[in-house]
Amino acid sequence: MLVFEVYLRMKKGDRLSAGIGAAASHAADAANALWNYVTALKRVRRQGGEEMEFDLLVLEASIIRAFDAAGKPDEFTARTVTEEVFTRLQSAFNGASVPSTEDVATAVDAVLTERGELAVKEAYH
């Protein structure tokens with residue numbers, strides 16, 4: 001219970017007493033790790049309704065291929081786009097539901113559009 005109490009206090013902006021010391025720091029680290037795990041994007045739903053493990057490396061590879069196909073081979077930007085897509089999906093679904101492959105494609109489209117990478121967006125599909 002201490003882990004959740006520390007986490008909730010941190011989210012509310014409460015400052016932990018310096019007297020709590022290292023134990024509170026470790027509890028806060030544990031709370032953050034637990035929260036990251038609970039809200040992590042772990043599964044994705046395919047078009048047929050089947051769920052499968054979400055693999056960030058597969059997403060990254062498809063974005064890299066789209067950059068290559070658009071004649072803009074840039075792995076650094078592709079990785080940055082992948083991170084932005086992942087962050088967007090994690091924020092939108094927050095561990096409460098499973099995104100579909102269409103949700104993933106929509107997030108990729110949005111990030112590429114925001115970055116002005118329209119040729120890459122076209123190549124992604």
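A pocket here is found on a 1 Å grid over the protein atoms alone: it is an open set of points where a 1.4 Å probe fits, with protein on both sides within 12 Å along at least five of seven lines, and lining residues have an atom within 4 Å of a point. The model is predicted, so local features need pLDDT of at least 70 and side-chain atom pairs count only at pLDDT 80 or more, while totals for chains, interfaces and linings use all residues. Residues are numbered from 1 along each chain as its sequence is written, and side-chain values use heavy atoms, with hydrogens and water left out.

Q: Which residues lie nearest the centre of the largest pocket?
A: The largest pocket is lined by 15 residues. Those nearest its centre are Val44, Val58, Leu59, Thr101 and Val104.

Q: Which element supplies the largest share of the lining of the largest pocket?
A: Helices (H or I, at least four residues) and strands (E, at least two) are DSSP runs, numbered from the N terminus. Strand E2 (51-53), H3 and H5 each supply at least two residues of the lining. The largest share, 4 residues, comes from H3.

Q: Why does the distance between the end C-alpha atoms of helix H5 agree with its number of residues?
A: The expected span of a helix is 1.5 Å times one less than its number of residues. H5 (residues 101-114) has 14 residues, so it should span 20 Å. Its end C-alpha atoms agree with this, being apart by 20 Å.

Q: Which elements do the buried residues of H5 pack against?
A: Buried means under 20% relative accessible area, with a 1.4 Å probe and protein chains only. In H5 the buried residues are Val104, Ala105, Ala107, Val108, Asp109, Val111 and Leu112. They pack against strand E1 (43-45), helix H3 (56-69), helix H4 (75-93) and helix H6 (118-124).

Q: Which residues of the largest nonpolar core touch the most other members?
A: A nonpolar core is a set of buried Ala, Val, Leu, Ile, Met, Phe, Trp, Tyr and Cys residues joined through side-chain atoms within 4.5 Å. The largest such core has 21 residues, and those touching the most other members are Leu59, Ile63, Val85 and Val108.

Q: Which residues is Leu59 in contact with, leaving aside its neighbours within four places in sequence?
A: Contact means heavy atoms within 4.5 Å. With those neighbours set aside, the partners of Leu59 are Phe54, Thr82, Val85, Val104, Val108 and Tyr124.

Notes:
Buried < 20%, exposed > 50% of the residue type's maximum accessible area, 1.4 Å probe, protein only.
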